[in-house]
Amino acid sequence: MSTENVPNSTAGSSGLYRRIWRWHFFAGVLCVPFIFSLAVTGAIYLFHKQIDDIVYSSEMLRPAAASEVQGLQPTRIIAQALMAYPGQPKAYTSPADSGRNAQVDIIRPDGATLQVFVDPGTGRVTGAIDESNRIMTIVKHVHSLAIAGDAGNVVIEIMAGWIIVLMATGIYLWWPRGRTAGVVSIRPKAAGRIWWRDLHAVTGVFAGVVILFLALTGMPWSVFWGKNVNAWLSAHDLGVPNGMWRGVPKSTLPAAELGELPWAQQQESVPASDDPHAQHKAMAHSGHGASSYSVLNNPVVVGPDTVLADLARIGMDGSYRLALPRDPRGVYSAIRTPGQVAGQRVVHIDQYSGKVLMDIGANQIGPIGRITEWGVSVHQGAEYGTPNLIVMLAGCLALVALCFSGVITWWKRRPTGKLAAPARKEGDQLAKGVVVIAVVLGCCFPLLGASMLAVLLFDSLIEKMRRPPAQMKSP
């Protein structure tokens, strides 16, 4: 039995194996709570549309007898929402089918965004949801640690990097090296720690590709790597080409303020409406507060009804979100993100002339930007329908299983009162190839690299404190 518990005597006693084991252990200790949270919230968010339909059915869904998709014009629907919940209209989302209500986002006087649902056939307001208190919004914020602000985003980026380290070190530890037991299946007579060890190893090796994919495709949302890569892609015409922005007036409003946008466009500024009297209007408007501005019943601007009709003429169909101008320089921004990359499209329109300032579809995005968008779409389970959801869910469940089996394996084998990582011995060194891989990962993902250096210093400090005094004095 004992010969089956370790890879073999050479591998098990080698300095390289012990060092890799220690890094796998430290990565697990550092990451398990966060990985568990990422896996659970990620699995839930995969089904956010289905959950929303259940939890908010009375607000979002129309009666089964309703047949007409939309009988009222958008302006009337927005006006109905404002009558029930006064504020500044922020966006209008057209219903996807006859079974759904239209959605109007309203900025309340206290700054909160209220999502108001209106029956597009009758104009009846069916209810409202505070955007920040929506269940799936909370799940998403917990998943990304956005609830902790920028610090949480930094932690998530580091954790995604350490998941890559965990998978790389786990594959090395799993490598058969002449073994056949506990490699691709759990040993039939295994019990206790051996059973949990086999479960951990077999789950990791079979789900490793999906888990690595989830970690890598989660990076675009990160606070440091994601923003810098996005900016670099745009600067080198590999994301949204710079040429798309030439000759277009720009506002100071960041694109992220528009809500859900394709990843490649999130770091850009929003175009501005070009009105010769905008400066005077802005000055006159500034004394009334932002919440007083509205495109409804404003004779100098193009109304939402006309904008939607013009969008239909240029092929902007299906359900999409129309962000409304919020000040005299604002634009209409039609945002369609159906899930599949091929269907993504964003159109910015001047609020005074109705001129299309920018029209960005998937075919305008650079090659690396499209690959990144594809990864994001698959990560969210949206690119290939139900099979995509099942595979991503399997990856999340595998992560949960790895967390439990890893912790239980450690608990059953740990020396009483000590860390379970194999002790380093004098002369233990990492192979040059491993050092090169670590350096490359650290350079590609700087926050991971910084945390790896911190762990290395911590590990060295622990070993130094454990050495006998005589050993510490030896050269």
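**Strand burial, strand pairing and helix packing**

Analyst: The model is a predicted one. Strand β8, residues 331–336, is mostly covered, with 6 of its 6 residues buried.

User: What makes both faces of β8 count as covered?

Analyst: In a regular strand the side chains alternate between the two faces of the sheet. In β8, V331, S333 and I335 lie on one side, and Y332, A334 and R336 lie on the other. A residue is called buried if its relative accessible area is under 20%. Every one of these residues is buried, on both sides, and both faces are covered.

User: How do you know that β8 pairs with β7 and with β9?

Analyst: Pairing requires at least two bridges between the strands. β7 (residues 321–323) and β8 share 3 bridges in the antiparallel sense, and A323 has S333 in β8 as its bridge partner. β8 and β9 (residues 345–350) are joined by 6 bridges, also antiparallel; here Y332 is partnered by I349 in β9.

User: Why are helices α8 and α9 called roughly antiparallel?

Analyst: The axes of α8 (residues 149–174) and α9 (residues 193–218) cross at roughly 150 degrees and come within 10 Å. Angles over 145 degrees count as roughly antiparallel, and α8 and α9 are therefore given that description. The crossing of α8 past α9 is left-handed.

User: Which residues of α8 and α9 meet?

Analyst: On α8, they include I163, M167 and W174, and on α9, G204, V205 and L212 are among them. By class, the contact has 12 nonpolar, 2 polar and no charged residues.

Notes
Residues are numbered from 1 along each chain as its sequence is written. This is a predicted model: local features need pLDDT of at least 70, side-chain atom pairs count only at pLDDT 80 or more; totals for chains, interfaces and linings use all residues. Side-chain values use heavy atoms; hydrogens and water are left out. Axes are lines fitted to C-alpha atoms, for helices over the stretch in contact, and angles run from 0 to 180 degrees between N-to-C directions. Helices (H or I, at least four residues) and strands (E, at least two) are DSSP runs, numbered from the N terminus. Angles under 35 degrees count as roughly parallel, over 145 as roughly antiparallel, 65 to 115 as roughly perpendicular and the rest as oblique. A crossing is left-handed if the near helix is turned anticlockwise from the far one by less than a right angle, and right-handed if clockwise. Contact means heavy atoms within 4.5 Å. Ala, Val, Leu, Ile, Met, Phe, Trp, Tyr, Cys and Pro count as nonpolar, Asp, Glu, Lys and Arg as charged, and the others, Gly among them, as polar. Buried means under 20% relative accessible area, exposed over 50%, partly exposed in between (1.4 Å probe, protein chains only).
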